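Here's a quick tour of how some side chains sit together in this model. Have the sequence and the coordinates open as you read.

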Amino acid sequence: MINVIDLLCLFVNMVAKRIDLEHIITPIKNGSFVALARALTLVENDIDPAASLLKKLAINREVPVVGITGPPGAGKSTLVNAITAAFCEANKRVAILAIDPTSPFNYGSLLGDRIRMPKLFNHPNVYIRSVATRGSLGGISAKTLEMVDVLRSSNFDLIIVETVGVGQSEVEIAGLADKTILVLVPEAGDEIQHIKSGLMEVAQAFVVNKADRTGADVFANGLHKMLKDQHQQIPVFKTIADKNVGITEVCDWILTADTVAVIKKEQLLAKQAFQLIQHKRMANVDKQKILSAITEALKKGNFNMYTFIEQWC
């Protein structure tokens, strides 16, 4: 018996097959949020004709993509809110892709980032879309890459990708963004030791947010010294995002000429290609089926992981 979700997916696919792509692509170019939302839904859920749509989009890779990441509680959403508001005052169009973690148990996600951006929610120059990590340990799924390309085919002046809270391996944002900002707080001194081997190496700028707290100057100076010792010319900004302090300097840095070398751009595109290829090859591997199969295998006893996975390899 077909359940309600399967029936809905079947209906959506039947409707999608009749879609004239030009009726989506042209409005997207002209900045239609309705067409953009429709295209992102098709792409995110692999609904036909998503593959054809991606191939026909005129993707403008000159549109800057800024990745904003950092530990939970650093004020990433508040910083994104402040930066976006500043760009809107300059009559710029901004797209925000806010990434939330996916539960490893029920594969669901609380897509609540726009709750932290109430002033921008209905702004005519701002488009906000929430997306889940879909289990990606690095915080960026193949679907995120595709959705950013859809956004790049519209007429935005800036695309901001806000990731989930960082871990040691969450560096995939560097494979997507032209510029990556790492947001930290004055109390993050000990955390630097845990994340510097990965994320510290991919950031093009550091933002010490909540700089009105005790120890902010000492922490920022410590960052400057560490970067100088590593012979890295990376800016360190101090901000109080909820009071719009220091935001102008960050926006000016975002607007500066692209600092990413051509060879690095090639490397970033190669990383994206690898992730997309990996995603397509794994498309037929269903986590729920694996879970069910493991449940049955454990009942039989003598479970061996390497024998078990042969049927999927």
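## Aromatic pairs

The count comes to five aromatic pairs, taking rings of Phe, Tyr and Trp (its six-membered ring) as paired if their centres lie within 6.5 Å, with planes under 30 degrees apart called stacked, over 60 edge-to-face and the rest tilted. Phe-33 and Phe-156 make a stacked pair, 6.2 Å centre to centre with 20° between the planes. That pair ties together distant parts of the chain, 123 residues apart: Phe-33 sits in helix H3, and Phe-156 in the loop between H6 and strand E4 (158–165). Helices (H or I, at least four residues) and strands (E, at least two) are DSSP runs, numbered from the N terminus.

Phe-156 counts as buried at 4% relative accessibility, while Phe-33, at 23%, is partly exposed. Buried means under 20% relative accessible area, exposed over 50%, partly exposed in between (1.4 Å probe, protein chains only). Ring pairs also link Phe-33, Tyr-127 and Phe-156 into a cluster.

## Helix H2

In H2 (residues 22–29), Ile-24, Ile-25 and Ile-28 are buried. They're on the same side of H2, because they cover an arc of only 95° around the axis, going by the directions from the helix axis to the C-beta atoms. Their cover includes helices H3 (33–44), H4 (50–56) and H6 (142–152), with contact meaning heavy atoms within 4.5 Å.

## About the model

This is a predicted model: local features need pLDDT of at least 70, side-chain atom pairs count only at pLDDT 80 or more, and totals for chains, interfaces and linings use all residues. Residues are numbered from 1 along each chain as its sequence is written, and side-chain values use heavy atoms, leaving out hydrogens and water.
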